[in-house]
Amino acid sequence: MLRIAFINANLCEDPYPVYPLGMALLSGALARAGHEVQQHDLLAAGGAPLPILDALRCSQPDLVCLSIRNMDNVDSLAVSGNCRGLDLARRIIGEIRMVC
């Protein structure tokens, strides 16, 4: 069985904070299948990646899954639509590669 870590990288709170439902559903299914699963929510951690990276360093997962919110902010008139999602995801992936 695998050690799997999920990270919700969504920091967008506009129009409201979103619970990482997809990550939770996948985590539950994988745990029921016998895998060791961790879930980390960057938004719930106040946007601070260090505690999450420390947890990854300690647990050394076999697989790290990064969850990002869809890039549509549900406002067709908004100029910026992704709440820094892709830039943040790239930065987190770089940091994960250094830790794992």
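Guide: A residue counts as buried under 20% relative accessible area, as exposed over 50%, and as partly exposed in between. The model discussed here is predicted.

Visitor: Why is Gln60 called partly exposed?

Guide: Gln60 has a relative accessible area of 35%.

Visitor: Where is Gln60, and what is its phi?

Guide: Gln60 lies in the loop between H2 and E3. Its phi is positive, about 45°, although the residue is not a glycine.

Visitor: How do you know that E1 and E2 pair?

Guide: Pairing requires at least two bridges between two strands. Strand E1 (residues 3-8) is joined to E2 by 6 bridges, so the two strands pair; they run parallel. Ala5 stands opposite Gln38 in E2, and Asn8 is opposite Asp41 in E2.

Visitor: What makes the crossover from E1 to E2 a β-α-β one, and which hand does it have?

Guide: Between E1 and E2 the chain passes through helix H1 (residues 21-32). The crossover is right-handed.

Visitor: What is the strand order of the sheet, and why do E2 and E3 stand at the edges?

Guide: The sheet is open, with 3 strands in the order E2-E1-E3 and parallel pairing. Strands E2 (36-41) and E3 (63-67) each have a single partner strand, so one side of each is left without a neighbour in the sheet. On average, neighbouring strands are turned by 15° against each other, direction ignored.

Visitor: Which strands does helix H2 touch?

Guide: Helix H2 (residues 50-59) packs on the sheet and touches E1, E2 and E3. The direction of H2 makes about 165° with that of E2.

Methods. Residues numbered from 1 in each chain as written. Predicted model: local features only at pLDDT ≥ 70, side-chain atom pairs only at ≥ 80, totals over all residues. Heavy atoms only, no water. Helix = DSSP H or I, 4+ residues; strand = E, 2+ residues; numbered from the N terminus. Axes fitted to C-alpha atoms, helices over the stretch in contact; angles between N-to-C directions. Contact = heavy atoms within 4.5 Å. Buried < 20%, exposed > 50% of the residue type's maximum accessible area, 1.4 Å probe, protein only. Right-handed = clockwise from strand over helix to strand, strands pointing away.
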